[in-house]
Amino acid sequence: MSGWLLAIDTATRQATVALGTLDGRLIARHDWPVGHTHAETLLPALRELLAGAAVVPADLAGIVAGTGPGGFTGLRVGLATAKTLAHGLGIPIAGIATTDALAAAALAGQGGDALVLLPAGPSDRYLALVRVARDGTARAIEPPRLLAPADVAQAVADATAAGARLVPVDLPDAHDVAPDAAIGRAALAGLGAALLRLGARALASGRGEPADELVPTYVTLPRGVAAAVGGAAWSPDLR
């Protein structure tokens, strides 16, 4: 099979699109601070990325989508775009947890455990403990957690005491932990390349998903939904 691999992630405050070879090697990427402009900026960024590499959509052979966790609207825009492309082009799609890719980017070439820390609303935090192998593969080693502010510092202390590297993302002004801003920036800068590497492995091993079965992980539900689902504040698979 020949062609190119496209990665899309809209789970963080920085949107990322990346183009690579089918073995996961990065060719080009575009990152931008997205704010609340996912719907307005994602498609133009994709067109610019492909045009810059002289690639047309028909040249794509696979899609990699970051599945979060992330905010409701932004993540839905990214996943909907990725799924529409895969369905329309008839090509496979692989969903990769954004936290796995962030950990892989942060610990590239090193391996070890990473505790990825993300904002979940104004003050809660989403924690994902991810093990990164020296070959670049990454997997969550415990279920992710959504914690209130009072519980975050202890959870971080426990994980880092056990040898995990803290990777705070989108938390430049956090006061509940002492964030290492540099490693968070490195994780975001390497997110596109990590998605391509992890997605290429998944597709090569046959672990792609039908586009209609790919679901995101949200750090918070949309406004007005909490009461309808019994007061839940987090959903792994709300479609």
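The model is predicted, so local features need pLDDT of at least 70 and side-chain atom pairs count only at pLDDT 80 or more, while totals for chains, interfaces and linings use all residues. Residues are numbered from 1 along each chain as its sequence is written, and side-chain values use heavy atoms, with hydrogens and water left out.

Start with the whole chain. Its secondary structure comes to 6 helices and 10 strands. Here helices (H or I, at least four residues) and strands (E, at least two) are DSSP runs, numbered from the N terminus. The chain has 239 residues, and 49% of them are buried. Buried means under 20% relative accessible area, exposed means over 50%, and partly exposed is in between (1.4 Å probe, protein chains only). Now take contacts, meaning heavy atoms within 4.5 Å. Of the contacts with a separation of 6 or more, 61% are between residues 24 or more positions apart.

Next come the charged pairs. Side chains of opposite charge can pair when their charged atoms come close. A salt bridge is a side-chain nitrogen of Lys or Arg within 4 Å of a carboxyl oxygen of Asp or Glu. By this rule the count comes to 4 salt bridges.

One of them joins arginine 29 and aspartate 31. Their closest N and O atoms are 2.5 Å apart. Arginine 29 is partly exposed at 40% relative accessibility. Aspartate 31 is partly exposed too, at 21%.

Another salt bridge pairs aspartate 113 with arginine 131, with 2.7 Å between the closest N and O atoms. Aspartate 113 sits in strand 6 (residues 112-120) and arginine 131 in strand 7 (residues 124-132), so the pair ties together parts that are 18 residues apart in sequence. Aspartate 113 is buried, with a relative accessible area of 18%. Arginine 131 is partly exposed at 38%.

A further salt bridge links aspartate 135 to arginine 201. Here the closest N and O atoms are 4.0 Å apart. Aspartate 135 lies in the loop between strand 7 and strand 8 (138-140) and arginine 201 in helix 6 (residues 191-204), so this pair ties together parts that are 66 residues apart in sequence. Aspartate 135 is partly exposed at 46% relative accessibility. Arginine 201 is partly exposed, with a relative accessible area of 38%.

Turn to the rings. Rings of Phe, Tyr and Trp (its six-membered ring) pair if their centres lie within 6.5 Å; planes under 30 degrees apart count as stacked, over 60 as edge-to-face and the rest as tilted. The structure holds 1 aromatic pair. Phenylalanine 72 and tyrosine 218 form it, and it is tilted, with 4.8 Å centre to centre and 40° between the planes. Phenylalanine 72 lies in helix 2 (residues 72-89) and tyrosine 218 in the segment after helix 6, so the pair ties together parts that are 146 residues apart in sequence. Both residues are buried.

Glutamine 14 is found in strand 2 (residues 14-20). Glutamine 14 counts as buried, at 18% relative accessibility. Leaving aside neighbours within four places in sequence, glutamine 14 is in contact with Asp9, Asp31, Trp32, Pro33, Val34 and Leu188. The side chain of glutamine 14 reaches the backbone oxygen of leucine 188 at 3.1 Å. Such a polar contact is a pair of N or O atoms within 3.5 Å; within protein, one must be able to donate a hydrogen and the other to accept it, and residues adjacent in sequence count only if both atoms are side-chain atoms.

Histidine 38 lies in helix 1 (residues 38-52). Histidine 38 is buried, with a relative accessible area of 9%. Beyond neighbours within four places in sequence, histidine 38 is in contact with Thr10, Gly74 and Val77.

Arginine 185 lies in helix 5 (residues 181-189). Arginine 185 counts as exposed, at 56% relative accessibility.

A pocket is found on a 1 Å grid over the protein atoms alone, as an open set of points where a 1.4 Å probe fits, with protein on both sides within 12 Å along at least five of seven lines; lining residues have an atom within 4 Å of a point. The largest pocket is lined by 32 residues, of which Arg13, Gly35, His36, Gly70 and Gly71 lie nearest its centre. Helix 1, helix 2 and strand 6 are the elements that give two or more residues to this lining. The largest share, 5 residues, comes from helix 2.
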